[in-house]
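Subject: Handover of a structure and findings

Dear colleague,

Please find below the structure that I am passing on to you.

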Amino acid sequence: MMRVGLYGPVHVKTAASQEKRTLLAARKLLQGQNRAIENDLRGLLRSFGLKVGPTSAGAFEARVRQLVDGLPRLTAIMRPLLEARAALRSQFAVLHRQLLDLVRHDPVCRRFMTVPGVGAVVAITFQATVDIPQRFTKSQAVGAHFGLTPRAFSSGETDYSGRISRCGDALMRSTLYEAAHTLLTHTK
């Protein structure tokens, strides 16, 4: 199979691109764990009939402490969870600052951010995923690399397009979706 040429070359990402992807993955992990702790706190309090309700990220801890005030055993249970949440938030802030510093000093990312709906996370994710733009012969190949091209079903007389293939990078697709949603809902 190798002699016939059925296998094509595989692109190995550069070290800089891998570092950016690692930063994005670590940031997303801390963000998800923080959200999981908040949701668990809401669920645990709900079983006691205490409802946190909609709050901002900064007011969440104060609201939980307000709800458990006067309940010493429940306060003792919630305190470690709130401390873990605070630690996750502070470490998330460290990684987010690193990401912003990286984007601030990168002219390509700064150019991406001139597009409405594209922020620092979208710009650095796109740059880290594409890595070396010269490896794509056409701009259409980038969409296919992300899994954004429709599947084609053709057999005999049947020929139709299906949903997007989703064969590419899931992080990039979800980030592009968020950028498009922001563009459609928040920009004027």
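This is a predicted model: local features need pLDDT of at least 70, side-chain atom pairs count only at pLDDT 80 or more; totals for chains, interfaces and linings use all residues.

Residues are numbered from 1 along each chain as its sequence is written, and side-chain values use heavy atoms, with hydrogens and water left out.

Pockets

A pocket is found on a 1 Å grid over the protein atoms alone, as an open set of points where a 1.4 Å probe fits, with protein on both sides within 12 Å along at least five of seven lines; lining residues have an atom within 4 Å of a point. A volume is the space filled by probe spheres set on the points, which are joined across faces, edges and corners. Helices (H or I, at least four residues) and strands (E, at least two) are DSSP runs, numbered from the N terminus.

The largest pocket has a volume of about 310 Å³. Its lining comprises 15 residues, and Arg27, Gln31, Val121, Thr175 and Glu178 lie nearest the centre. At least two lining residues come from each of helix 1 (15-46), helix 5 (120-130) and helix 7 (170-186), with helix 1 giving the largest share, 6 residues. By class, this lining has 5 nonpolar, 6 polar and 4 charged residues. Here Ala, Val, Leu, Ile, Met, Phe, Trp, Tyr, Cys and Pro count as nonpolar, Asp, Glu, Lys and Arg as charged, and the others, Gly among them, as polar.

The second largest pocket holds about 170 Å³ of space. Among the residues lining it are Phe112, Val122, Phe126 and Leu183. Helix 7 provides the largest share of this lining, 4 residues. The classes here are 11 nonpolar, 1 polar and no charged residues.

Cysteines

With a disulfide taken as a pair of cysteine sulfur atoms within 2.5 Å, the count comes to 0 disulfides. Cys167 counts as exposed (over 50%), because its relative accessibility is 64%.

Pro150

Pro150 belongs to strand 1 (residues 150-155). Leaving aside residues up to four places away in sequence, Pro150 is in contact (heavy atoms within 4.5 Å) with Ser161, Gly162, Arg163 and Ile164. Between Pro150 and Ile124 there are 26 residues in sequence and 25 Å in space, C-alpha to C-alpha.

Yours sincerely

Technical notes:
Buried means under 20% relative accessible area, exposed over 50%, partly exposed in between (1.4 Å probe, protein chains only).
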